[in-house]
Amino acid sequence: MSDVAVAPGSLAVAAAAPPRHGSGAGVRHDFQYRDPAYQSETAIAGMWLFLATEVLFFGGLILSWIYMRHGSRAGFDAGARRTELVIGTTNTAILITSSFAYALGVIFIRAGDTRRVAKCLAAALALGLAFLALKFGLEWRDDFAHHLFPSDPSFPMRGSAEAGARLFYVFYFIGTGLHGLHMLVGIALVCWIIARVRRGDFSRDYHTPVIAVGLYWSFVDIVWLTLYPLIYLVGRG
Amino acid sequence: MRLSLPQAADSAPEVDHLLWALLAISAAVLALVFFLLFLYVVRYRATSGLDRGEVNEKTWRLEAAWTGATLAVFFGLFVWGADLYLRLSQAPPDALKIYVIAKQWMWKVEHDGGQREINALHVPVGTPIELVMTSEDVIHDLSIPAFRIKHDVLPDRYESLWFKAREPGTYHLFCTQFCGLDHSRMTGEVVVLKPPEYARWLAQNGAAGGLEEQGRALFVHFGCGGCHGVTPGTESTVRAPPLAGLYGSPVPLTDGTLVRADERYLHDSIVAPEREVVAGYAPIMPSYAGQIGEEDILKLVSYIETLSPERPP
Amino acid sequence: MMAGEGPVSAQRPVTVEAGEVTGSYLADGHTLKSWLLTTDHKRIALLYMAAITAFFFIGGSAAALVRLNLVVPEGLLGSSEAYNRLFTAHGVIMVWFFLVPAVPVTLGNFVIPLMLGARDLAFPRLNLFSWYLFMVGGAITLWALFVGGVDTGWTFYTPLSTSYSKSHVVLAAVGIFISGFSSIATGLNFIVTIHRLRAPGLTWYRMPVFLWSLYSLSVLLVLATPVLAITLLLVLLERLFHIGVFDPAFGGDPLLFQHLFWFYSHPAVYMMILPGFGVVSEIIPAFAHKRIFGYKFLVWASVAIGVISFFVWGHHMFVAGTSLYSAVLFSILSYLVAVPSAIKVFNWLGTLHKGYIRFDAPMLYALGFIGLFTIGGVTGLWLAALAADVHLTQTYFVVAHFHYIMVGGMVSAYFGGLHYWWPKITGRLYPEMWARAAALIMFLGFNLTFFPQFILGYLGMPRRYATYAPEFQVLNVLSSAGSTILAAAYLLPLCYLVWSLLYGERAPANPWGASGLEWRTPSPPPTVNFIETPVVTEDPYEYPPPVAAEPHV
């Protein structure tokens, strides 16, 4: 029933249908806009602005991370060397490929090829799930098994590096946890888009939600590309 | 009701001068704004029938004028306030050190001679005093309105605040950073005494050994000398930076920076040794945070301050 | 994008087609569902207004009890715990559930599309969703504050909030976190709307100052609120899992919290006052019947405040233990941010010059705003001067200072705007004499309440004290006496505005003879706002000099 993508979340609210114009070709638009194209551009602008707030959200975390690392560098780096570089790097490759698959889907929807769109989005979804499985099914499980949770009494590192290493794992768990939550939201959104593609909601003329969710999906990818060096690379340098 | 505040320290009249200047400027600005407001409101009320003549539509000259004037006044105030702040922040090197430990909800004070008091601070008149302050729990703030000074007291680090009292008497001491349930009862008094009375007070409250002596006992108790006790040049299984003559000297760190070995540095080196590692040494010292209380760290620090090549641990 | 955009615009003129709702938005459905599921910005504004009013009186009651306690030095309530919970509740509710949202979500929500000549905000459903977020966040926070109790103050300083307080910090933080997303959604909606839904001919420099102010405010909401969100999240995790970045016991740094918190909360101060500037900039030209003085300076002052306010957070930490250099830097930046505010005051005075001034209630509030805001502003200069701040910070001087800005300024502006647009919103006129009386009593009560606190602060009385030294009693009693007058003054509008809903005279489309698109549509406006999209051909605030000094009817 919804024709316009707005920031995620608002979609949950059922709306009492506002008066609308019909505008031919099956594409409708909300009554405050002059035409569907103008509404679509506006919705995308809203998504960009939403991503700006997300940048500040993760920015606060990452800035704190860098600031605290500056205070106890040796401990942070000792902690970072215990992370699973192979899983992290594999996951990075998976996410980049997933974003690529989604971007391919956007190219196809612009050409009106809805059959291929569904395949691309399904690939993006599968890769996203693979990321979560590796990250939380494997890596986090290992981390807990190695007592790396920062408040664990049998935390493996002792001596002068202990405090810093614990802090590193505070940021590690918060950073990857928040990123994982964003992935979950993204996966729900991609599922929703796939369902609507199958229902035939989108066409060459109207596919705003596909693009909006694509922006979000790529943003979550970019967050990971910021976390990846902070977690796996900087401490090994 | 008393509307004046005693100027009981050297800093007080200086801050008051700035405050009077601010009051004068504020009064002038407010007088101007309120005068114009009333003038226009009365003169140009809709029913006044006054001929308005030409209305000035060119605004940028006026805008530039009042923006410039505002900037100039603000800049003057900034310089005055910042200069005074910087001067009042630097304790003179010969200041008498008194140690203050804040905890929910009391002030504990330790004098160099081992005298201790709670929620009271006895100081001599006319002597620069430096309060070296830390907290055992949350953030507190030590404020003495009669001296016009105040500073936050943080857990796990030393902050310093200094003054030179100039008027014997008893003054309020407040905690001014909200610190929980009995914040408003975390008050005390500063008693400024004439030097002979202060000497008498010290004598009457003399403790079993000064801070330094108690610190030495702790130094032995915690086995600090096992690593730090070695004088330079001699062999030892564990190599740790020597402490003799350390206090006040510059220390090169592994990251290439240089810090001065002040109270803060000594304190942090005990509770968070990995933060500032001395160049050429491995970061092997464990943290003693939570194992040595703030009061004992204080004693250790004041003991380490007395060490010199002539007087090694 | 900015100047010289010419008459080309985002929108083409559109005439409402047959079948669309052209009657009053108030008559467009009378069921509960037609309100709770509405996407009409005007109805959502009223939903917000109901919520905001409730929060204002809840927060105000907490303040009344705080003042009551301070009548005697040993504290009339007899309980530090109760007192601490009360001032925390007062601060949390007033900051996050009244001052920051009040003007934007009520007056802004209602008026922005009307001023733009638009039919609604860009994202109407997001607008409704943000109201639900606000209500959920508000309910959780209220529960935490009053059923559970929170005793950290609205600033949640660590490690008190993370490790020592035994109160319901987690729940309160969750509530504020959720309502923060409501702020973000509102800000996002406003920015996109102002960019995309301006009527034909409505260039940036033809927009009323109110829109510029809300635009600046929205940028602050969108960029600063997420930092608060992550900060509260870190506090939450530290409290729940003992994994921390703030408590030194876990190797954290409590000053990091203060940096992050004030990075949000200082811009938040401007989020509160910018809409106030906007409201006053509408009222003064309307009641002086004159074009606003220095339009471009006023709008760019709003933008400058928005930008500089991100770089002054450190002035909350002059005695907190940061470096001396950062204190000096933040001091000069704090003086810089005061310059645009001073520019605004002078421009309002310039607007009064040679005007045709009428004294309806909105104008009384606006004049009160100028006076009280200026007092709040100049006392800000005291606190920006480093050495003076050392003595005055954390005392009642600071309390008085920000109440002059927030209550004297912002609340006056809110009441001014509420009266100014009341006929437009409700289609009814309020009783003018009662409204003028309320404005005057509010001004007097406010000064009696807060002026003594400047002196208390100079004398050294710390804030957040449940009990105090007896020598401070006389001034405290004066302040408490003033607060009873203030409380009565706030109850007056509640009575006569509700009365006017039922018995008030019907309002014409433009009762004030004001310029601006919102006055070109009936009162109350139809659901679609404008039967025909207006075309803007002139600058804002075009007030031709009256032919003769015509008496106001």
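## Contact between chains B and C

In this predicted model, the contact between chain C and chain B draws on 74 residues from chain C and 69 residues from chain B. On the side of chain C that touches chain B, seven helices each supply at least two residues: helix 3 (80-99), helix 6 (160-164), helix 11 (324-352), helix 12 (361-384), helix 13 (386-392), helix 15 (432-459) and helix 16 (473-503). Helix 11 of chain C provides the largest share of this side, 15 residues. By residue class, the side of chain C that touches chain B comprises 49 nonpolar, 19 polar and six charged residues.

One residue of chain C shows such contacts in detail. Residues up to four places away in sequence aside, C:Ala387 touches B:Val15, B:Leu18, B:Gly81, B:Leu84, B:Tyr85 and B:Leu88.

## Contact between chains A and B

Here 10 residues of chain A meet nine residues of chain B. Helix 2 (73-80) and helix 5 (162-199) of chain A each supply at least two residues of the side of chain A that touches chain B. Helix 5 of chain A gives the most to that side, with three residues. The side of chain A that touches chain B divides into three nonpolar residues, six polar residues and one charged residue.

## The largest nonpolar core

The largest nonpolar core holds 329 residues, and the residues with the most contacts inside it are A:Leu121, B:Val100, C:Ala385, C:Ala387 and C:Met410. Helix 9 (residues 254-288) of chain C gives the most to this core, contributing 21 residues. As a general background, nonpolar side chains tend to be buried together in soluble globular proteins.

Helix 7 of chain C covers residues 169-196.

Helix 8 (residues 209-241) of chain C contains C:Ser218. This serine counts as buried because C:Ser218 has 29 C-beta neighbours inside 10 Å, where 20 or more are required. Apart from neighbours within four places in sequence, C:Ser218 is in contact with C:Gly187, C:Phe190 and C:Ile191. C:Ser218 and C:Thr158 lie 60 residues apart in sequence, and their C-alpha atoms are 29 Å apart in space.

## A strand pair in chain B

Strand 6 (residues 140-144) and strand 7 of chain B pair in the antiparallel sense over five bridges. Within this pairing, B:His140 stands opposite B:Val153 in strand 7 of chain B. Strand 7 (residues 149-153) of chain B is mostly covered, with five of its five residues buried.

The hairpin formed by strand 6 and strand 7 of chain B has four residues between the strands, and B:Arg148 in this hairpin takes a positive phi near 65°.

## Backbone details

Two cis peptide bonds may be noted. The bond joining B:Gln104 and B:Trp105 is cis, with omega about -10°. B:Trp105 is found in the loop between strand 1 (96-103) and strand 2 (106-110) of chain B. In chain C, the peptide bond from C:Ser523 to C:Pro524 is also cis, with omega near -15°. C:Pro524 is found in the segment after helix 16 of chain C.

Positive phi values also occur in chain C. C:Arg464, which is not a glycine, has a positive phi of about 65°. C:Arg464 is placed in the loop between helix 15 and helix 16 of chain C, and this arginine is buried, with 22 other C-beta atoms within 10 Å. C:Asn529 has a positive phi near 75°, again in a residue other than glycine. C:Asn529 is found in the segment after helix 16 of chain C and is buried, with 24 other C-beta atoms within 10 Å.

## Confidence in chain A

Chain A has a mean pLDDT of 86, and 89% of its residues reach 70 or more. Over residues 1-25 of chain A, however, the pLDDT is below 50; beyond near neighbours in sequence, this stretch has 61 contacts in the model.

Technical notes:
Residues numbered from 1 in each chain as written. Chains lettered and ligands numbered in written order. Predicted model: local features only at pLDDT ≥ 70, side-chain atom pairs only at ≥ 80, totals over all residues. Contact = placed C-beta atoms within 7 Å. Nonpolar A, V, L, I, M, F, W, Y, C, P; charged D, E, K, R; others polar. Core = buried A, V, L, I, M, F, W, Y, C linked by C-beta atoms within 7 Å. Buried ≥ 20, exposed ≤ 12 C-beta atoms within 10 Å, placed from the backbone. pLDDT = per-residue confidence, 0-100. Expected span 1.5 Å × (residues − 1). Pairing = 2+ DSSP bridges.
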